Amino acid sequence: MKKVNVDFDMQGRLSRLIEKFSSAGCESLLVTSLTNIYYLSGFTGSAGLLWVDSKKALLLVDGRYGEQAIEEVEKSGAQIEVEMVGSKQSERLQTIARETRTVGLEAQSVSWSKMKQLEKTLENSDLVFTEGLVEDLRQIKDKGEIALMKTAAEIADKALSEIWSMFEEGVTEKEIATSLDETMVKLGADGTAFETIIATGSNSARPHARPGDRVLSEGDLVVCDMGALYKGYRSDMTRSTRIGGTGTGKPAEMLEIVLEAQKAGLATVKEGIKNAEVDSACREVLKQAGMEEAFTHGTGHGVGLDIHEAPTLSGISTDILRSGQVVTVEPGVYLPEIGGVRWEDTVIVNEDGCEFLTHSPKVI
């Protein structure tokens, strides 16, 4: 795998985060989500806290991660001081927060027991629950993030190409999934972006089916949903096929109509467009074909450090697409008596439309 140039705007991330504090009603933020800590500092350990206020940013870790944290933060370019606090984490937090009236907590990552603990530790400050402060920043990818996601997508594309011949009679779902996972790692992935889905026959009518011992048979519809993990960032792509060729009848119609629905959705993606309009574009094609009721999930989601992150592309979304967001467009149709079809690509939103990250052929 070729060397990837990474250009992260780490200091810009911290500055933009601090700008959000006033509207969130806090003077500082205690970052507890490990994914958000990595995004802001480059630290990949499994335990730590990140304190951010207008004057400083401190990463608090225990002795297991001292050298690692210093090295990773320095490499990332983030202006963050690393402190090894060990068992004295609470005492150090008390000192840091002594003159802070309001401390923001990440509502989605603070458990009830953690909150009760923090109420005692930060008893001289008001605790304010915040939602999506860092996650909103993560929606707009910088050049470094895009470079890593392109590499993750390239790995997945190449891996699927290498094992595509396995989609034939007599092979099991699990055999294909295992081979695909191993091939992605061989090509440079750090792992899979999520548990690979290979679903055939009636299993393909389950959007999140898990690969098992079911054998691919003549006439089966097959859904392959997969992605690679590369240096923390993920790709996401789904391709569908039918064993023995497209054939005729309902399976052939499903493969074609769902692809047309995806094309309609992708053609809608553009900066300034309502997220719900992408969903509507896909559903209108399926509605005209009498298949709308068989589309049982949202049209898409953001991808990045998490495989599912903001924004969402669904009929109930009130958000507007923004340049720099990376989203999927993935309509599907699922009929238990026949099987399922889903086509999915990951794209970068821009002013004129979108740029594809996933490029595997769609053969019907």
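**Arginine 13**

I looked up where the side chain of arginine 13 goes, and in this predicted model it reaches the backbone oxygen of tyrosine 39 at 2.6 Å; I count as a polar contact a pair of N or O atoms within 3.5 Å, where within protein one must be able to donate a hydrogen and the other to accept it, and residues adjacent in sequence count only if both atoms are side-chain atoms. I work under the model's limits: local features need pLDDT of at least 70, side-chain atom pairs count only at pLDDT 80 or more, and totals for chains, interfaces and linings use all residues. Residues are numbered from 1 along each chain as its sequence is written, and side-chain values use heavy atoms, with hydrogens and water left out.

I placed arginine 13 in helix α1, residues 10-19, taking helices (H or I, at least four residues) and strands (E, at least two) as DSSP runs numbered from the N terminus. Arginine 13 is buried, at a relative accessible area of 2%; buried is under 20%, exposed over 50% and partly exposed in between, with a 1.4 Å probe and protein chains only. Setting aside neighbours within four places in sequence, I listed the contacts of arginine 13 (heavy atoms within 4.5 Å) as Phe8, Tyr39, Leu40, Leu137, Asp142, Glu145 and Tyr233.

**Arginine 342**

I then turned to arginine 342, which lies in strand β17, residues 339-342, and is buried with a relative accessible area of 2%. Its side chain makes a polar contact with the side chain of aspartate 225 at 2.9 Å, and a polar atom of that arginine 342 side chain lies 3.3 Å from the backbone oxygen of proline 207. I also noted threonine 238, 104 residues apart from arginine 342 along the chain, with 6.5 Å between the two C-alpha atoms.

**Helix pairs**

For α8 (residues 143-163) and α9 (residues 173-186), I found axes that come within 9 Å and cross at roughly 130°; axes are lines fitted to C-alpha atoms, for helices over the stretch in contact, and angles run from 0 to 180 degrees between N-to-C directions. The two helices are therefore oblique to each other, since angles under 35 degrees count as roughly parallel, over 145 as roughly antiparallel, 65 to 115 as roughly perpendicular and the rest as oblique. The crossing of α8 and α9 is right-handed, that is, the near helix is turned clockwise from the far one by less than a right angle, anticlockwise being left-handed. The residues of this contact divide into eight nonpolar, two polar and two charged, where Ala, Val, Leu, Ile, Met, Phe, Trp, Tyr, Cys and Pro count as nonpolar, Asp, Glu, Lys and Arg as charged, and the others, Gly among them, as polar.

For α5 (residues 89-96) and α6 (residues 112-121), the axes come within 9 Å and cross at roughly 55°, so I recorded them as oblique to each other. Gln89, Ser90, Leu93 and Gln94 in α5 meet Lys114, Gln117, Leu118, Lys120 and Thr121 in α6, and the residues of this contact divide into two nonpolar, five polar and two charged.

For α10 (residues 250-268) and α11 (residues 275-288), the axes come within 8 Å and cross at roughly 155°, and the helices are therefore roughly antiparallel to each other. I noted a right-handed crossing of α10 past α11, with nine nonpolar, three polar and two charged residues in the contact.
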